[in-house]
Amino acid sequence: QVQLVESGGGLVQAGGSLRLSCAASIRTVSSYVMGWFRQAPGKERECVAAIIGSDINTNYADSVKGRFTISRDNAKNTVYLQINSQQPEDTAVYYCAVAPAPGYSRVLVHSTEYKYWGQGTQVTVSS
């Protein structure tokens, strides 16, 4: 059973930055597709960023391109989401997720494609 623990959420002002962390109980995170999702009240869960293989293989939602950066530290089995220039519409619970198995050849962007989820961390952006 894979366990994911997110941290780093909080309350920030618009224009501020946060870095979310996701510690995974996987020996080789580099072998797995990992994604960051967010869900705001009354809205569907959406994939904001995903990473596969090397850090150059990433995917971002159009709404966050240029502001969010996903990366990972394989030695620490941790995936990060750097959020810059935050906007009130970024307010949501952010979740880390991992694909069911290693070896995927493409980035996964749909929540149904992921098997393991963290508990979520709240990000609130004040205007």
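Student: How many bridges join strand E9 to E11, and do the two strands run parallel or antiparallel?

Tutor: First, the conventions. This is a predicted model, in which local features need pLDDT of at least 70 and side-chain atom pairs count only at pLDDT 80 or more, while totals for chains, interfaces and linings use all residues. Residues are numbered from 1 along each chain as its sequence is written, and side-chain values use heavy atoms, with hydrogens and water left out. Strands (E, at least two residues) are DSSP runs, numbered from the N terminus, and two strands pair if DSSP finds at least two bridges between them. Here, three bridges join E9 (residues 92–98) to E11, and the two run antiparallel. Within this pairing, alanine 92 has valine 123 of E11 as its bridge partner.

Student: Which strand runs parallel to E11?

Tutor: Strand E2 (residues 10–13) does, joined to E11 by four bridges. Glutamine 13 stands opposite serine 126 of E11.

Student: Which residues of E11 form the covered face, and which the uncovered one?

Tutor: In a regular strand the side chains alternate between the two faces of the sheet. In E11 (residues 121–126), Thr121, Val123 and Val125 make up the covered face, whereas Gln122, Thr124 and Ser126 make up the uncovered one.

Student: In what order do the strands of the open sheet stand?

Tutor: Four strands form this open sheet, in the order E1-E3-E8-E7, with antiparallel pairing. Strands E1 (4–7) and E7 (68–73) stand at the edges with a single partner strand each, so one side of each lacks a neighbour in the sheet. Neighbouring strands are turned by 15 degrees against each other on average, direction ignored; the axes are lines fitted to C-alpha atoms, and angles between N-to-C directions run from 0 to 180 degrees. Between E3 and E8 (residues 78–83) there are six bridges, and leucine 20 stands opposite leucine 81 of E8.

Student: How many disulfides are there?

Tutor: A disulfide is a pair of cysteine sulfur atoms within 2.5 Å. By this rule there is one disulfide, between cysteine 22 and cysteine 96, with an S to S distance of 2.1 Å. Cysteine 22 lies in E3 and cysteine 96 in E9, so the pair ties together parts 74 residues apart in sequence. The torsion about the S-S bond is about -75 degrees, so the disulfide is left-handed. Cysteine 22 is buried (under 20% relative accessible area, against over 50% for exposed and in between for partly exposed; 1.4 Å probe, protein chains only), at 0%.

Student: What kind of pair do phenylalanine 37 and tyrosine 114 form?

Tutor: Rings of Phe, Tyr and Trp (its six-membered ring) pair if their centres lie within 6.5 Å; planes under 30 degrees apart count as stacked, over 60 as edge-to-face and the rest as tilted. The structure holds four aromatic pairs. For phenylalanine 37 and tyrosine 114, the ring centres are 5.2 Å apart and the planes are at 85 degrees, so the pair is edge-to-face. Phenylalanine 37 is buried, at 1%, and tyrosine 114 is buried, at 5%. Ring pairs link Phe37, Tyr95, Tyr114 and Trp117 into a cluster.
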